[in-house]
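Subject: Structure handover

Hello,

Here is the structure I said I would pass on. Please open it beside this email and follow along.

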Amino acid sequence: MNTPTATWSTTDTPIGPFSAVVADDGAVLASGWTTNLTDLLEVIAPSLRPSEPRYTPDLGAVTRAVTRYHAGELDVIDTVEVRQRSGTFLEHAWEVLRTVPAGDPVSYSAYAALAGRPAAARAAASACARNAAALFVPCHRVLRGDGSLGGFRWGTDVKRRLLEHEKQA
């Protein structure tokens, strides 16, 4: 069996250090507000997980997208390829999540309906919780039914700041 290869890097952002693990073809495998590579590797599906990602100071298109997003070009993250593996519903739900527009968050119930399972708000919440590619698959754009933040792997302060950034841009 071939072991997948990848590179990783950390970019300083106004919200904090943001790291990404990227497959050799440029697809984001995992990303988030951390400098700890292990935090990212553990959320990558085993079939995609690289054994020893190489560090690089710049991930090219991914680094540029992160920088441009934080500069106010919110839709630039939509052009970055993402690769995640799980069951059929979760993979579909992650694709749907990429269609939620910046500045227009949805509730978990609305997200479930967008994903084709209107009665499955818990499954939609699970898709957010299991999303390895934060920012590029914008799970921060999903809120509780009452409009409160709910959870976020990288902390509710990061989620709040992302939502504020998207509303102001």
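The notes below go through the sheet, a helix, the core and a few single residues.

Please keep in mind that this is a predicted model.

The sheet

Start with the sheet, which is open and made of four strands in the order β3-β2-β1-β4, with mixed pairing. Its edge strands are β3 (28-32) and β4 (54-55), each of which pairs on one side only.

Strands β1 and β2 run antiparallel and are joined by six bridges.

The hairpin of β2 and β3 has four residues between the strands, and Gly26 takes a positive phi near 100° in it.

How enclosed is β2? Six of its six residues are buried, so the strand is largely enclosed by the rest of the structure. In a regular strand the side chains alternate between the two faces of the sheet. You can follow this in β2: Phe18, Ala20 and Val22 point one way, while Ser19, Val21 and Ala23 point the other way, and all are buried.

Ser9 sits in strand β1 (residues 6-11). What counts as buried is a relative accessible area under 20%, and Ser9 has 1%, so Ser9 is buried. Its side chain reaches the backbone oxygen of Pro57 at 3.2 Å. Beyond residues up to four places away in sequence, Ser9 touches Phe18, Ser19 and Ala20, and also Tyr55, Thr56, Pro57, Asp58 and Leu59.

Thr13 lies in the loop between β1 and β2. This residue is buried too, with a relative accessible area of 13%. Apart from neighbours within four places in sequence, Thr13 is in contact with Phe18, Trp33, Val66 and His70.

The core and helix α3

The largest nonpolar core has 55 residues, and those with the most contacts inside it are Val21, Trp33, Tyr111 and Phe136. Which element gives the largest share of this core? Helix α3 (residues 88-97) does, with six residues.

Now turn to α3. Its buried residues are Phe89, Leu90, Ala93, Trp94, Val96 and Leu97. Seen down the helix axis, these buried residues fall within an arc of 160°, so they line one face of α3. The general rule is that an α-helix has 3.6 residues a turn, so residues three or four places apart point the same way. What covers the buried residues of α3 includes α4 (108-114), α5 and β6. The face turned away from the buried side carries the exposed residues Thr88 and Glu95.

Two residues in loops

Leu135 is in the loop between α5 (121-129) and β6 (142-143). Is Leu135 buried or exposed? It is buried, with a relative accessible area of 0%. The phi of Leu135 is near 80°, a positive value in a residue other than glycine.

Asp75 is in the loop between α2 (61-70) and α3. Asp75 is exposed, with a relative accessible area of 54%. How far is Asp75 from Val137 in sequence and in space? The two are 62 residues apart in sequence and 12 Å apart in space, C-alpha to C-alpha.

If you want an order for looking, begin with β2 and its buried residues, go on to the buried face of α3, and finish with the loop that holds Leu135.

Regards

Notes. Residues numbered from 1 in each chain as written. Predicted model: local features only at pLDDT ≥ 70, side-chain atom pairs only at ≥ 80, totals over all residues. Heavy atoms only, no water. Buried < 20%, exposed > 50% of the residue type's maximum accessible area, 1.4 Å probe, protein only. Polar contact = N/O pair within 3.5 Å; in protein donor to acceptor, adjacent residues only side chain to side chain. Contact = heavy atoms within 4.5 Å. Core = buried A, V, L, I, M, F, W, Y, C linked by side-chain atoms within 4.5 Å. Arc of directions from axis to C-beta. Pairing = 2+ DSSP bridges.
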